[in-house]
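Welcome, and please open your viewer so that we can walk through this molecule together. At each stop you will hear what to select and what to look for.

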Amino acid sequence: PEDLSSYQISEEYPPNQLQVWDKYHPGHLDDNSMIDTEKSYLFEVKSMKQALIEVQKRGALASWACQSIKAWFEGHYEWLNARNISLHSYFLPRAGKRFHFPVDVIQAHDDYFAKLQSLSSMINNLKENDSVDDLLKVWFSYETSVSHFVQLQKAKTIILYHAFFSPSEVANITKRVVSNSASTRTGAFIHFVGVDHFRKTILPREHFPSVAWELNFKKHYDTYVENSVAHLSVLLSGNFAEDTPESSIVENCRKKRRKMEEDHHIFFNPFDPMYQVSKEFPPNKLDEWEEDFVDHVKQSSRYAVNQAHLGEASDLLHALIAVKERGLMTDWEISSIQEWFRAHKKWITDLHKDSSELAYPFYEKRFHYPKVLIDGHEEHIQFLEQMSAYLGSLRAGSKVDGLLDLWTTYSNKLDQFFDLFNRMHFQLVHAYFSRKEIADWLNNYVDKNVPGVGPTIYYQGKEKFRKELMKRESLNDLRWHLDFGKEYITYVEKVAIHIKALKTGVPPRTDDDRGKTEILSILNELWYCPASVSPLPE
């Protein structure tokens with residue numbers, strides 16, 4: 001647009017960001033992910049057009065060709081439908097706060113999307129021995145509309161976004177949109193730009209570590225090649241694998257796409273400038289962690305704590321199922337559930353308190369801790385308060401169904417939250433803090449009364465906790481004899497015993513054989529200090 005000021009909505013947001021883009025991203029109008037995404041979309045449309053031309057040459061539609069067209073188109077439609085929703089629910093409202101979005105661009109988008117929906121109806125009704133003549137005619141018109149839209153995006157939309165939004169603001173907008181995109185979009189993008197260019201140019205440009213390819217992006221690309229590119233290839237060549245069941249083509253592709261859609265963590269970028277507090281502390285520590293530990297997430301002490309939380313949730317869930325199978329609840333079952341829950345609630349609440357008062361302030365010195373994770377912890381605490389009130393209302397003869405439903409909800413929320421936590425928390429902490437810095441902080445932290453030690457040891461395994469976790473975190477083995485072992489004894493004797501009782505239907509006893517044997521064994525270890533343990537200070 002020649003006159004950018006004519007698009008301006010208020011003086012608060014003038015079109016003055018182009019010089020920032022020119023300074024930090026020369027060639028930004030041609031070399032950016034938004035334009036590459038549009039081109040990858042157009043590339044898909046042109047590729048299928050060529051495939052349909054080859055199908056037309058072969059005459060009546062074969063059954064396998066009909067299924068391949070449907071399988072390919074379903075993936076194509078899904079990511080464009082998600083894009084349409086994103087445009088109207090996020091892009092346009094966000095842009096509309098700063099500039100008048102060009103009407104002709106919106107019209108061009110709605111025009112191609114209307115044709116996409118017409119194509120969807122035609123392709124869904126395709127049958128063996130049909131002709132693709134009519135389909136090809138509509139496809140030509142669809143390609144023309146898409147091409148026009150892409151040209152307008154480059155001529156107007158990109159310039160306006162870069163004029164009214166800074167590079168960091170556009171990065172945040174793109175991040176939000178990409179996080180809600182279909183897996184097919186990611187695969188199509190990589191396929192269009194090329195794997196080498198994506199790995200060597202785009203990943204560094206977007207501040208992704210090189211390992212992100214193998215860990216995350218590669219599987220989306222491979223799935224795209226298998227689900228989309230493979231179908232285009234057989235449609236172009238006419239060489240269909242005879243041993244492939246035709247009836248499974250569409251369903252198999254659908255299942256693979258659904259599996260990829262569940263994997264959102266590929267879009268999280270710990271190096272995104274939005275997290276950095278100051279240039280004094282850059283996110284440059286991740287390589288050190290990755291060099292020392294192949295899986296630095298699962299080998300972190302906090303990961304072990306999370307697994308204890310999940311382990312407890314799972315154990316009570318299975319215990320409640322066992323109670324349900326026995327019928328109405330008895331007095332001792334209610335008492336055991338309440339006793340176990342009090343211990344669970346206490347250490348989770350104490351851990352949350354320590355996170356809020358100690359951990360978050362420590363992290364916030366170098367990076368902005370994600371609010372979504374803080375809110376998730378708050379939600380768990382609120383849920384535990386609700387559970388506490390519900391448990392107080394239980395009486396002998398009550399059904400366990402209501403409690404089981406509540407705990408199932410809690411357990412599912414934990415699964416979802418820790419999946420997100422593991423993908424975000426560790427990447428950020430390990431990007432901004434070295435191993436030594438975290439070890440020093442942790443040693444200072446465990447000098448206090450740390451919540452969750454007992455369950456962490458219990459679910460980690462006593463030997464693994466002592467020989468692996470304590471060693472990794474530079475914790476002197478003397479700590480086991482002074483306090484960690486005692487915490488474990490208490491947990492086995494006072495808490496875990498209730499889970500066993502609820503699962504077996506046998507009321508808990510203080511002289512429970514398993515608990516007694518375990519306790520005696522640990523006491524023996526506490527009294528004996530092997531030679532491998534660091535000596536007492538002089």
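## First stop: a pair on one helix

Select E357 and K353: they sit four residues apart in helix α13, so about one helical turn separates them. Keep in mind that this is a predicted model. Now show the side chains of E357 and K353, which meet in a salt bridge, 3.2 Å from N to O. Why can two such residues reach each other? An α-helix has 3.6 residues a turn, so residues three or four places apart point the same way.

Are these two buried, exposed or something in between? E357 counts as partly exposed because its relative accessibility is 49%, and K353 counts as partly exposed at 44%.

K436 is exposed, with a relative accessible area of 57%, while D440 is partly exposed at 42%.

Next, select K413 and E379, whose side chains meet in a salt bridge of 2.9 Å, N to O. K413 belongs to helix α15 (residues 401-432) and E379 to helix α14 (residues 371-392), so this pair ties together parts that are 34 residues apart in sequence. K413 is partly exposed at 28% relative accessibility, and E379 is partly exposed too, at 36%.

For a salt-bridge network, select K46, K49 and E143, which are linked in one. The count of salt bridges comes to 21.

Select residues 453-460, which form helix α17; six of its eight residues are buried, so the helix is largely enclosed by the rest of the structure. Which ones are buried? They are V453, G454, P455, T456, I457 and Q460. To see what they pack against, display α12 (301-326), α13 (331-363), α18 (462-472) and α19 (478-504). Just after α17, click on G461, which takes a positive phi of about 100 degrees.

## Last stop: the whole chain

Zoom out and colour by secondary structure: the protein chain has 20 helices and zero strands. Of its 538 residues, 49% are buried. The accessible surface comes to about 26200 Å², and 53% of that belongs to carbon and sulfur atoms.

Notes: Residues are numbered from 1 along each chain as its sequence is written. This is a predicted model: local features need pLDDT of at least 70, side-chain atom pairs count only at pLDDT 80 or more; totals for chains, interfaces and linings use all residues. Side-chain values use heavy atoms; hydrogens and water are left out. Helices (H or I, at least four residues) and strands (E, at least two) are DSSP runs, numbered from the N terminus. Buried means under 20% relative accessible area, exposed over 50%, partly exposed in between (1.4 Å probe, protein chains only). Accessible areas come from the Shrake-Rupley method with a 1.4 Å probe; for residues, only the protein chains shown count as cover. Contact means heavy atoms within 4.5 Å. A salt bridge is a side-chain nitrogen of Lys or Arg within 4 Å of a carboxyl oxygen of Asp or Glu.
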